[in-house]
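Visitor: Could you walk me through the side-chain contacts here?
Guide: Gladly, let us take the rings and then the charges.

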Amino acid sequence: MTTYRARVEYTAGGGETSFAFNFPYIDEDHVKLYIDGALDLSASVTGVPEAGGTISPSAPIPAGAVIRVTRETSPGTRLVNYQNASTLDEATLDTDSLQAFYLDQESSDTALEALSTAGATTETVEAAEGNALAAQSAAEAAQLAAEEAQADAAASAQSIGDSAEAAEAAAVEARAIALQVQQAVTGQAIYQGTFDASGGSYPDDTDPAEGHLWRVNVAGTLPAGGVLQGDYIFYNGTDWDIWDNTEPQSALQVDDFDGIHVEEPKVGEYDYSLSLPRTRRIETIRAIAGAGTATVELRHGTAGSLIRSMNLSTTVAVDSTPSMTVPTGDRLYIKVTAVSDAANIEVWFGG
């Protein structure tokens, strides 16, 4: 059973007049009552900020309704605004640090919910796990920053003129981290399925909602950059983000030969250089697979002009002599179009 820090849930028996909660809060307006997912704007809170209390619905609740009592500590508005020459008392420092600390707890709850409810498909589980791990890491950073903000502000309180600016900077940093976590997980990642990126455009979703997530099953180049099989495409509400989830590759150089080495290759594209610093003459190509088989294409330019296609098999080198020039500024990369049990592949070229 998932244990949350700033929310409780009930199934209504019918006729309840209040619901208890045991988490602390700063302001009664931060405690929210949701009935079957709908916010009760007129619910009233009775309690002690340090210990919790009860919240009463504005109208009778039918039996079987899903009740959620949660805390939302003003994620978009600062509760404290430091001013030069002001007095930094305990209550002001507590309010500022508690806002960041509570936002951290609320973000962690949202991440835990994403992980516990994402069980429909393997892809959904992967998306939720990635979302939860990212949120957990950022939430830990937010908590640490909040503690540092309070310590810095208290230590500098003897010099009021300077301490206000120092406390402000530290507190802003803590709030910024907490808000990034909140934005990353609010609404959760809504998995939309797999996506073929070879067409060069974003998913055909005319009105994407914040949090919509796709997993790339065919590599391609999107306006924000190249994506490989296994990467994720995420709509953040105003723009598209790419989450890199692929194995790394490395550029190699021996004498006059350059190379691209890929561990555990998947179908997709692997760059030698996004922009060649000088014109490159390619007279000879040698490629090899450490195990298994793979079909590999050496390409260049934004249009992906083919230099040579090669079928690789275990420990058997494939040589080719294309004799061509790749101009300065061109993208130079290999494209893996098929792979089977290949532990790694290397493509060497020189001239």
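Guide: First a definition: rings of Phe, Tyr and Trp (its six-membered ring) pair if their centres lie within 6.5 Å, and planes under 30 degrees apart count as stacked, over 60 as edge-to-face and the rest as tilted. This is a predicted model, in which local features need pLDDT of at least 70, side-chain atom pairs count only at pLDDT 80 or more, and totals for chains, interfaces and linings use all residues. Residues are numbered from 1 along each chain as its sequence is written, and side-chain values use heavy atoms, with hydrogens and water left out.

Visitor: How many aromatic pairs does a search of the whole structure find?
Guide: The search covers the whole structure and uses the ring rule. Its count of aromatic pairs is seven.

Visitor: Is Tyr102 buried or exposed?
Guide: Buried means under 20% relative accessible area, exposed over 50%, and partly exposed in between (1.4 Å probe, protein chains only). Phe101 is partly exposed at 27%. Tyr102 has a relative accessible area of 6%, so Tyr102 is buried.

Visitor: Which residue lies over the face of Tyr102?
Guide: A charge sits over a ring if NZ of Lys or CZ of Arg is within 6 Å of the ring centre and within 35 degrees of the ring normal. At 3.9 Å from the ring centre of Tyr102 lies Arg71.

Visitor: With which residue does Arg71 form a salt bridge?
Guide: A salt bridge is a side-chain nitrogen of Lys or Arg within 4 Å of a carboxyl oxygen of Asp or Glu. For Arg71, the closest N and O atoms are 2.7 Å apart. Arg71 lies in strand β7 and its partner in helix α1 (residues 90-117), so the pair ties together parts that are 35 residues apart in sequence; helices (H or I, at least four residues) and strands (E, at least two) are DSSP runs, numbered from the N terminus. The partner, buried at 6% relative accessibility, is Glu106.

Visitor: Which ring does the charged end of Arg331 sit over?
Guide: Arg331 also meets Glu269 in a salt bridge (2.9 Å, N to O), and both residues are buried. The charged end of Arg331 is 3.7 Å from the centre of the ring of Tyr333.
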